[in-house]
Amino acid sequence: MRVITLRSEANIGALADRLFANLTPETRKAAEASLLKANPHLARADAFKPGAVVRLPEVPGVKPKPSAANKDPRDDLIDGLREAVSGYRARLAAGLEAENGEIKAQLELLKQREIAALLKNVPGAEELAKDLADSLKQAAKTLPQDMKRQEEVFAQIEKDLSSLV
């Protein structure tokens, strides 16, 4: 049995109109009865909320509209997940690239003659600058590994999403 999601339908009649083609008064009653049997929760007026999942039953002598019969909300959900993951992936990659640029800029700053001269005038500053440079170099080494691992994780997520189809 196919499932669909509610849009703006406010009652069972409006839902039947959206889902089934060429309804006569008799086939409308059959369609509404089948919808209620397959979805007993629709007997409550508060059940008609956009996005709610509804089973699309087979109704003897009535064909569903092609738009209702061929649409599966799982595809919409998976597409939404893919889009969200893709956006997050891009933001995370941009953040890591920015971090990489910041590390390089800080290392270059520490190499400047003027900075070195200033550090000599402050007790303990040269040692702190050396420790900072060591930390930045270590971060510069591990960042590419982090970026590679990120790509592996996102490739696995994409594989997992593809298996849901």
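I began with L35 and listed what it touches: leaving out residues up to four places away in sequence, I found I12, L15, A16, L19, F20, L42, V54, R55 and P57. I note here that the model is predicted.

I then looked up the nonpolar cores. The largest has 17 residues. L35 is among the residues with the most contacts inside this core, together with L15, L19, F20, L42 and V54. I checked which elements supply at least two residues each, and got α1 (12-19), α2 (25-38) and β2 (53-56). Of these, α1 gives the most, with four residues. I also noted a second, separate core of six residues, which includes L96, L107, A133 and L136.

Next I went along helix α6, residues 125-163. I have 39 residues for α6 and a reach of 56 Å from the first C-alpha to the last. That is close to the 57 Å expected at 1.5 Å a residue. Where does α6 have a kink? I located it at T142, with an angle of about 25°, shortly before the proline P144.

I listed the buried residues of α6 as A125, A129, A133, L136, L143, Q150, F154 and L161. Two of them, A133 and L136, I had already written down for the second core.

I stopped at Q150, a glutamine in that list. Is Q150 buried or exposed? I count Q150 as buried because its relative accessible area is 9%, and the cut-off for buried is under 20%. Setting aside neighbours within four places in sequence, I find Q150 in contact with R89, L92, A93 and L96. L96 is also one of the residues in the second core.

Last, I looked for aromatic pairs and counted one. The ring centres of Y88 and F154 are 6.1 Å apart. I placed Y88 in helix α4 (residues 73-111) and F154 in helix α6. The two are 66 residues apart, so I record the pair as linking distant parts of the chain.

F154 has a relative accessible area of 6% and is buried.

How values were computed
Residues are numbered from 1 along each chain as its sequence is written. This is a predicted model: local features need pLDDT of at least 70, side-chain atom pairs count only at pLDDT 80 or more; totals for chains, interfaces and linings use all residues. Side-chain values use heavy atoms; hydrogens and water are left out. Buried means under 20% relative accessible area, exposed over 50%, partly exposed in between (1.4 Å probe, protein chains only). Contact means heavy atoms within 4.5 Å. The expected span of a helix is 1.5 Å times one less than its number of residues. The bend at a residue is the angle between axes fitted to the seven residues ending there and the seven starting there. A nonpolar core is a set of buried Ala, Val, Leu, Ile, Met, Phe, Trp, Tyr and Cys residues joined through side-chain atoms within 4.5 Å. Rings of Phe, Tyr and Trp (its six-membered ring) pair if their centres lie within 6.5 Å; planes under 30 degrees apart count as stacked, over 60 as edge-to-face and the rest as tilted.
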